[in-house]
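Hi there,

Here is the structure I promised to pass on to you. Have a look at it first, and then read on for my notes on what turned up.

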Amino acid sequence: MNLKEDLKLPVFRQIGNVADEMGREVYVVGGYVRDIFLNRPSSDIDFVTVGSGVELAEKVADALHRRKALTVYATYGTAQVKSGDLELEFVGARRESYHRESRNPIVEDGTLDDDQKRRDFTINAMAICLNKDRFGELVDPFNGIVDLHNRIIRTPLDPDITFSDDPLRMMRAIRFASQLDFTILPETFEAIRRNRERISIITKERINEELSKIMRSPRPSIGFKLLDEAGLLELIFPYLPDLKGVETKEGRGHKDNFLHTLQVVDNVAARSENEWLRWAALLHDIGKPVTKKYDPHIGWTFHNHNFIGEKMIPRLFKAMKLPLNEKMKYVAKLVGLHMRPQSVGEEGVSDSGVRRLMSDAGNDLEDLMILAEADITSKNPAKVRRQLEGFAALRERMTQIKDADYLRNWKSPVDGYELMDYFEIPPSSVLKELKDAVKEATLEGEIPYDHQEAWKYIIKIAPDHGLTVPDKPIPSPPPVSEEEDEEDKNQESIKK
């Protein structure tokens with residue numbers, strides 16, 4: 001098979017010419033070749049040469065006038081050249097052998113055949129020659145093109161050796177199945193099951209990279225179900241299998257929260273590419289196993305599972321070596337709030353409930369609504385319709401609430417320094433009490449979001465907090481900066 005028409009980028013001819021001048025074979029390999037047949041765009045291109053990959057990269061960098069864009073990884077015998085939007089990776093053909101205790105191979109120079117044999121899957125073991133006399137020629141010793149056509153994932157050689165040598169390939173197989181909606185060959189999948197314990201030599205960071213790619217798949221549930229069926233999930237993410245199963249008492253059962261969770265993740269994935277919103281969906285019911293109880297009068301309950309789940313997130317992220325930053329806080333926040341839109345809707349969409357929801361969710365309000373709506377997985381059409389109508393009413397009311405922008409980005413209309421100066425008091429807990437009272441009154445609709453109205457309210461409640469109201473006028477509103485004034489004008493324009 002000749003693929004000249006698929007190698008239209010000038011860089012392919014340029015690299016082929018450089019290799020010819022050096023008397024070297026050079027091939028495009030791996031994911032770029034696979035993605036040609038899948039019609040998937042790719043800007044990362046891997047090249048294999050029989051000889052030193054670094055030497056070829058240096059010559060290519062000179063030919064492309066990109067010497068400053070050359071990075072050499074001497075330890076690994078690889079090099080990268082950046083050219084525009086392209087990242088060109090060069091490596092010499094090699095053969096590999098492994099110690100059982102490590103996935104880091106012993107590397108020796110090899111032929112193209114050796115290099116293709118060491119590849120993880122047949123669909124990634126294809127190569128296209130770039131030398132002038134064979135330009136565009138496909139080298140496919142393991143029938144990867146057939147496996148692509150049949151949407152199958154299998155290893156070039158004995159899968160037990162492939163997965164034992166580098167256990168991360170087990171997760172890569174599942175990740176590709178999830179990303180591409182391919183089927184793992186039964187013999188290959190059984191080898192994953194047999195070698196699952198080998199995953200223990202892989203760092204959590206590398207595991208998380210694969211989990212992250214599964215999470216960004218069109219249907220992440222495919223990957224998580226395969227991880228579970230392979231016996232890997234309980235080893236790499238022991239919190240999730242606890243959600244599995246249905247328990248029945250007195251003829252009453254609850255839904256399988258694991259399958260429900262995966263459906264919620266897919267529902268979110270259908271509406272948002274936000275990876276961390278998908279993580280929130282995966283973990284939204286993580287508190288259910290520890291809160292599950294049976295009440296003879298009402299059946300199975302999971303009271304406060306959202307709050308318990310929120311508190312579990314930091315510990316879970318730390319154990320999993322997931323990022324302990326704003327992403328963790330975002331996930332924890334959504335897990336804690338995921339029941340709120342439904343409860344506000346069930347209360348009849350009261351203004352105070354809507355205000356509180358908007359204030360607590362802040363700028364993550366839309367993500368919270370997506371999560372809450374994705375959480376509807378009932379098989380009862382009437383129940384689904386009722387819940388969707390409730391969410392529609394809630395969304396409508398949120399657009400009508402006055403001062404919605406202030407609620408989403410809550411900042412007290414009263415400054416703490418103003419309070420200290422006016423009442424002539426030092427920093428103390430009473431300042432927080434007064435500001436909390438103003439927020440409560442605003443959310444309840446007792447007062448509008450306004451500096452002067454907030455001060456009138458403070459004067460009214462100050463004696464209840466042990467303060468004496470001085471005989472002087474309340475502070476004037478602080479001056480509005482040009483930036484804030486421009487922002488207010490923009491908001492008014494949007495509203496109009």
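Searching the whole structure, which is a predicted model, turns up 27 salt bridges.

Let me begin with Asp 115 and Arg 119, a salt bridge in which the closest N and O atoms are 2.8 Å apart. Are the two partners buried or exposed? Asp 115 has a relative accessibility of 0% and is therefore buried. Arg 119 has a relative accessible area of 15%, so it counts as buried too, the cut-off being under 20%.

Next, take Asp 228 and Lys 244, whose side chains form a salt bridge of 3.0 Å from N to O. This pair connects distant parts of the chain, 16 residues apart: Asp 228 sits in helix H10 (residues 220-229), while Lys 244 belongs to the loop between helix H11 (233-236) and strand E12 (248-249). Lys 244 is partly exposed, at 38% relative accessibility.

Then there is Arg 395 with Glu 366, where the closest N and O atoms of the salt bridge are 2.9 Å apart. Because Arg 395 is in helix H20 and Glu 366 is in helix H19 (residues 365-374), the pair ties together parts that are 29 residues apart in sequence. Both partners count as partly exposed, Arg 395 at 25% relative accessibility and Glu 366 at 40%. These two also belong to a network of salt bridges that links them with Arg 271 and Glu 373.

Staying with charge, which residues gather in a patch of positive charge on the surface? They are Lys 255, Lys 383, Arg 385 and Arg 386. Of these, Arg 385 is located in helix H20, which spans residues 381-400; that is also the helix that holds Arg 395. With 48% relative accessibility, Arg 385 is partly exposed.

His 260 is part of helix H12 (residues 257-269). Its relative accessible area is 5%, so His 260 is buried. What does the side chain of His 260 make polar contacts with? One partner is the side chain of His 284, at 3.4 Å, and another is the side chain of Thr 377, at 2.7 Å. Thr 49 lies in strand E2 (residues 44-49) and is buried, since its relative accessibility is 1%. A polar atom of the Thr 49 side chain lies 2.7 Å from the backbone oxygen of Glu 25.

Finally, a note on Ile 459. Ile 459 belongs to helix H24 (residues 451-461) and is partly exposed, with a relative accessible area of 24%.

Conventions:
Residues are numbered from 1 along each chain as its sequence is written. This is a predicted model: local features need pLDDT of at least 70, side-chain atom pairs count only at pLDDT 80 or more; totals for chains, interfaces and linings use all residues. Side-chain values use heavy atoms; hydrogens and water are left out. Patches are made of residues with over 30% relative accessible area and no salt bridge: like charges are joined within 9 Å, nonpolar side chains (Val, Leu, Ile, Met, Phe, Trp, Tyr) within 5 Å. Accessible areas come from the Shrake-Rupley method with a 1.4 Å probe; for residues, only the protein chains shown count as cover. A salt bridge is a side-chain nitrogen of Lys or Arg within 4 Å of a carboxyl oxygen of Asp or Glu. Lys and Arg count as positive and Asp and Glu as negative; His and the chain ends are not counted. The place of a charge is taken as NZ of Lys, CZ of Arg, CG of Asp or CD of Glu. Helices (H or I, at least four residues) and strands (E, at least two) are DSSP runs, numbered from the N terminus. Buried means under 20% relative accessible area, exposed over 50%, partly exposed in between (1.4 Å probe, protein chains only). A polar contact is a pair of N or O atoms within 3.5 Å; within protein, one must be able to donate a hydrogen and the other to accept it, and residues adjacent in sequence count only if both atoms are side-chain atoms.
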